[in-house]
Amino acid sequence: AGPRTRFDHTVDVVVVGSGTGLCGAITAAAGGAKVLVLEKHAMTGGTTVVSGGVAWVPNNNVLKREGLQDDRDSALRYLRKLSRGQADEELLEAFVDNGGAMLDFLEANSPLRFRVSLIMGKVADYHPDWADARLRGRSVEPVQETMGLAGGRLVGGLLEGCRDKGVEILAGTPARRLIVEERDGQRHVVGVEALREGKPWRVRARHGVLM
């Protein structure tokens, strides 16, 4: 094994990017991890903050509480047709089976509340003419007072959830490379080298790096 890296800071999990990566940060922190988020720009949110803030999640509890219907089998048939055989079946099933739980988790661990998307209207599925499509319900967005893009509301809610759980967020701190060490003949990612105030800053991640 080569020489061990000298680290400037140590956490359990490093998250690179403060857009949707904040979902992972909240999840890790809720599990008791000490989490650091690195954002290269001076402002947090990445491209998510200027997005519509809409997530496509089939068979979720948000649509059900609004009186709409969906089911696992039709969602899977829709995704199989959409992916044209290029997606792993296990991943499709994991997405359909756990996407709704993700929305429930965020509502329980942040100030975010979701609704069936108003932005998407009646084109919530990309192919509304397909037999297993749904005109409304699978596309959801954060509840906000104004009508329009909800990316800012999504990021704001995620940031508040992160801060409530003690997540450390550093803007203007771009990650430059993963730090890899060899142990027992195998290479392991053990941290991240970032630039902080223009100087290399090495962070050890005891349990992993989420990119």
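## Grounds for the terms used

The second largest pocket is lined by V16, G17, L38, E39, K40, H41, G46, T47, P174, A175 and R176. The model is a predicted one.

Q: What makes up the lining of the second largest pocket by class, and how much space lies in this pocket?
A: The lining has 4 nonpolar, 4 polar and 3 charged residues. About 160 Å³ of space lies in the second largest pocket.

Q: What is the make-up by class of the lining of the largest pocket?
A: That lining has 9 nonpolar and 4 polar residues, and no charged residues. Asp, Glu, Lys and Arg are the residues that count as charged. The space in the largest pocket is about 220 Å³.

Q: Which residues lie nearest the centre of the largest pocket, and which element gives the most to its lining?
A: Of the 13 lining residues, T20, G53, V54, A55 and L154 lie nearest the centre. Helix α4 gives the most, with 3 residues. Both α4 (89-109) and α5 (151-164) supply at least two residues each.

Q: Why is D164 called exposed rather than buried?
A: A residue is exposed over 50% relative accessible area and buried under 20%. D164 has 61% relative accessibility and therefore counts as exposed.

Q: Which residues of α5 are buried, and what do they pack against?
A: The buried residues of α5 are G151, L154, V155, G157, L158, L159, G161 and C162. Their packing partners are α1 (21-30), α4, β4 (114-116), β5 (139-142) and β6 (168-170). After α5 comes G166, whose phi is positive, near 80 degrees.

Q: What makes a set of residues a nonpolar core, and which residues have the most contacts inside the largest one?
A: Its members are buried nonpolar residues joined through side-chain atoms within 4.5 Å. The largest such core has 25 residues, and L22, A25, V35, F114, L158 and V167 have the most contacts inside it. The elements that give two or more residues to this core are β1 (9-16), α1, β2 (35-38), α2 (61-65), α4, β4 and α5. Apart from this core lies another, of 10 residues, including L38, V192, V203 and A205.

Q: Which residues does L22 touch, leaving aside those up to four places away in sequence?
A: L22 touches V37, V155, L158, L159 and C162.

Q: Where are D184 and E197 found, and why is each called exposed?
A: D184 is found in the loop between β7 (175-183) and β8 (186-196), and E197 in the loop between β8 and β9 (199-210). The cut-off for exposed is over 50%. The relative accessible area of D184 is 82%, so D184 is exposed. For E197 the value is 75%, so E197 is exposed as well.

How values were computed. Residues are numbered from 1 along each chain as its sequence is written. This is a predicted model: local features need pLDDT of at least 70, side-chain atom pairs count only at pLDDT 80 or more; totals for chains, interfaces and linings use all residues. Side-chain values use heavy atoms; hydrogens and water are left out. On a 1 Å grid over the protein atoms alone, a cavity is a set of points where a 1.4 Å probe fits but cannot get out, and a pocket is an open set with protein on both sides within 12 Å along at least five of seven lines; lining residues have an atom within 4 Å of a point. Grid points are joined across faces, edges and corners, and a volume is the space filled by probe spheres set on the points. Helices (H or I, at least four residues) and strands (E, at least two) are DSSP runs, numbered from the N terminus. Buried means under 20% relative accessible area, exposed over 50%, partly exposed in between (1.4 Å probe, protein chains only). Contact means heavy atoms within 4.5 Å.
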